[in-house]
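Please keep the sequence and the structure in view while reading.

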Amino acid sequence: MPLELAIILPTLNERANLAPLLTRIEAALGETGWEVLIIDDDSEDGTADEARALAVSDGRVRVIQRIGRRGLSSAAIEGFCATAAPYAAVMDADHQHDPALLPLMLQSLKAGEADVAVASRFAEGASTKGWDNPDRERLSGIANRIARVMTGADLSDPMSGYFMLSTATARALVPRLSGIGFKILLDLLATSKAQLSVKEFPLNFSRRRAGESKLDRAIAFDFLAGVYDKTLGRVIPTRFALFGTVGAMGVVVHMAVLAMLYPGMTATFWKAHLIAVLVAMSFNFWLNNYLTYRDKRLKGGLAMLRGWIGFCATCAVGAFANLAVATLLESQGLFWALAAMAGIIIGSVWNYALSSRFVWGRF
Ligand SMILES: Nc1nc2c(ncn2[C@@H]2O[C@H](COP(=O)(O)OP(=O)(O)O)[C@@H](O)[C@H]2O)c(=O)[nH]1
Ligand SMILES: [Mg+2]
């Protein structure tokens with residue numbers, strides 16, 4: 001049978017889940033007409049090597065190992081662009097998504113019943129018994145409501161990670177997708193100018209087979225970042241907005257440290273101020289590493305130390321630019337508070353540009 005369907009499996013430490021999942025996919029789809037694309041973000045458990053080992057004896061398996069890049073959404077996008085199949089499904093590699101739905105979804109798309117087939121955890125007949133985190137279920141309910149407003153689609157589960165669509169449709173949207181976070185379906189639906197029609201398939205959501213979830217912790221944050229990106233993100237880029245927010249929090253930290261050290265008179269002002277600067281910069285470095293650049297997070301002692309030094313150096317340059325601009329404007333007769341604001345904005349844009357390239361970037 002000619003190639004009809006690409007199954008895109010974004011993976012992060014899913015080594016033990018791959019071989020059994022292939023068996024289940026084959027049981028659902030038969031021997032031919034499909035391929036599996038494993039898009040691995042350089043997992044430490046050797047997922048990419050395992051995928052290559054499978055691919056050696058199975059031509060239907062392909063591997064894309066990405067180094068220095070992260071993210072479920074961008075992995076799915078990579079898959080849409082790397083296949084010749086007319087249809088593509090995105091699914092978790094951890095067995096939470098039942099491959100038995102694949103042929104039903106494919107049939108329905110081929111029959112023109114909808115533009116997108118979505119496996120829903122909340123449609124009539126679905127079950128979320130395998131869901132061991134009730135907080136997340138509640139959160140998902142709220143997020144779903146927001147998502148429905150954003151996409152205008154009447155969907156019970158717009159946050160589903162299991163769906164299928166024509167690759168041509170997906171590729172046409174790729175240049176305008178935000179590609180951040182993990183809600184690629186939401187991104188596709190919200191980006192398409194023409195409302196995409198959707199058909200839902202009730203999913204029996206299972207427990208993950210092996211390994212652990214990567215999305216539990218920052219999930220609410222990621223969702224909000226995605227919503228921001230699709231709305232105000234066009235005016236002020238998401239990452240810069242985060243960077244600026246973190247910077248503003250750094251000012252608070254700075255003042256708190258100063259208030260603790262200085263009035264006690266245990267330190268002279270400049271010493272207290274210097275300590276406050278160092279604490280605030282370190283705090284900003286840590287928080288930016290945790291949130292703003294969570295997809296490129298530096299890990300390990302050495303990488304963190306190098307990043308911290310780079311960040312401090314960047315901030316020093318930014319502070320200089322800030323001071324120069326503010327002093328110049330003030331001497332030209334601009335009201336002091338406005339001159340200071342202008343300095344702060346120039347300084348932070350500078351810090352942002354430099355640190356995103358030299359601290360969290362790659363050459
Ligand atoms: N390539 C890639 N895959 C990821 C990333 N984060 C999660 N995944 C994979 O995406 C799927 C869903 O993630 P999972 O941890 O199961 O999230 P959960 O089901 O929401 O708990 C799994 O197959 C993960 O291995 C990522 O940053 N890059
Ligand atoms: Mg999962």
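Leaving aside its neighbours within four places in sequence, which residues is Ile7 in contact with? Taking contact to mean heavy atoms within 4.5 Å, the partners of Ile7 are Ile25, Leu29, Trp34, Glu35, Val36, Leu37, Ala89, Met91 and Leu102.

Some ground rules come before the details. This is a predicted model, in which local features need pLDDT of at least 70 and side-chain atom pairs count only at pLDDT 80 or more, while totals for chains, interfaces and linings use all residues. Residues are numbered from 1 along each chain as its sequence is written, chains are lettered from A and ligands numbered from 1 in the order in which they are written, and side-chain values use heavy atoms, with hydrogens and water left out.

**The chain as a whole**

The protein chain holds 12 helices and seven strands, where helices (H or I, at least four residues) and strands (E, at least two) are DSSP runs numbered from the N terminus. Its C-alpha trace spans about 75 × 40 × 40 Å along the principal axes. Of the 363 residues in the chain, 44% are buried; buried means under 20% relative accessible area, exposed means over 50%, and partly exposed lies in between, using a 1.4 Å probe and protein chains only. Among the contacts in the chain with a separation of 6 or more, 76% are between residues 24 or more positions apart.

**The interior**

A nonpolar core is a set of buried Ala, Val, Leu, Ile, Met, Phe, Trp, Tyr and Cys residues joined through side-chain atoms within 4.5 Å. The largest such core has 30 residues, of which Leu5, Ile7, Leu102 and Met164 touch the most other members. At least two residues of this core come from each of β1 (5–11), α1 (15–29), β2 (34–40), α2 (47–57), β4 (87–90), α4 (101–110) and β5 (116–120). Apart from it lies another core, of 26 residues, including Ala6, Leu165, Val174 and Leu196.

Helix α7 (residues 184–191) is largely enclosed by the rest of the structure, because seven of its eight residues are buried. Those buried residues are Ile184, Leu185, Leu186, Asp187, Leu188, Leu189 and Thr191.

**The magnesium site**

The magnesium ion (ligand 2) is coordinated by Asp92 (OD), Asp94 (OD) and Gln96 (OE1), at 2.0 to 2.6 Å. Donors here are N, O and S atoms within 2.8 Å of the metal (3.2 Å for Na, K and Ca), and sites may look incomplete because water is not among the atoms. Along the chain, the donors of this ion follow the spacing D-x1-D-x1-Q. Asp94 and Gln96 are both buried, and Asp94 is also linked with Glu14 and Arg208 in a network of salt bridges.

**Salt bridges**

A salt bridge is a side-chain nitrogen of Lys or Arg within 4 Å of a carboxyl oxygen of Asp or Glu. A search of the whole structure finds 13 of them, and the table lists some.

| Pair | N to O distance |
|---|---|
| Glu26 and Arg60 | 3.0 Å |
| Glu78 and Arg66 | 3.1 Å |
| Glu113 and Lys199 | 2.8 Å |

Glu113 lies in the loop between α4 and β5 and Lys199 in strand β7 (residues 198–202), so this pair ties together parts that are 86 residues apart in sequence. Glu113 counts as partly exposed at 45% relative accessibility, and Lys199 likewise counts as partly exposed, at 31%.

**Two loop residues**

Most residues other than glycine have a negative phi. Asn13, in the loop between β1 and α1, has a positive phi of about 55 degrees although it is not a glycine. Asp42, found in the loop between β2 and α2, also has a positive phi of about 55 degrees without being a glycine.

**The surface**

Trp270, Leu274, Leu278, Leu302, Leu305, Trp308 and Ile309 form a nonpolar patch on the surface, with about 720 Å² of accessible area together. Patches are made of residues with over 30% relative accessible area and no salt bridge, like charges being joined within 9 Å and nonpolar side chains (Val, Leu, Ile, Met, Phe, Trp, Tyr) within 5 Å; accessible areas come from the Shrake-Rupley method with a 1.4 Å probe, and for residues only the protein chains shown count as cover. Helix α11 gives the most to the patch, with four residues. Ile309 is found in α11 and counts as partly exposed, at 47% relative accessibility.
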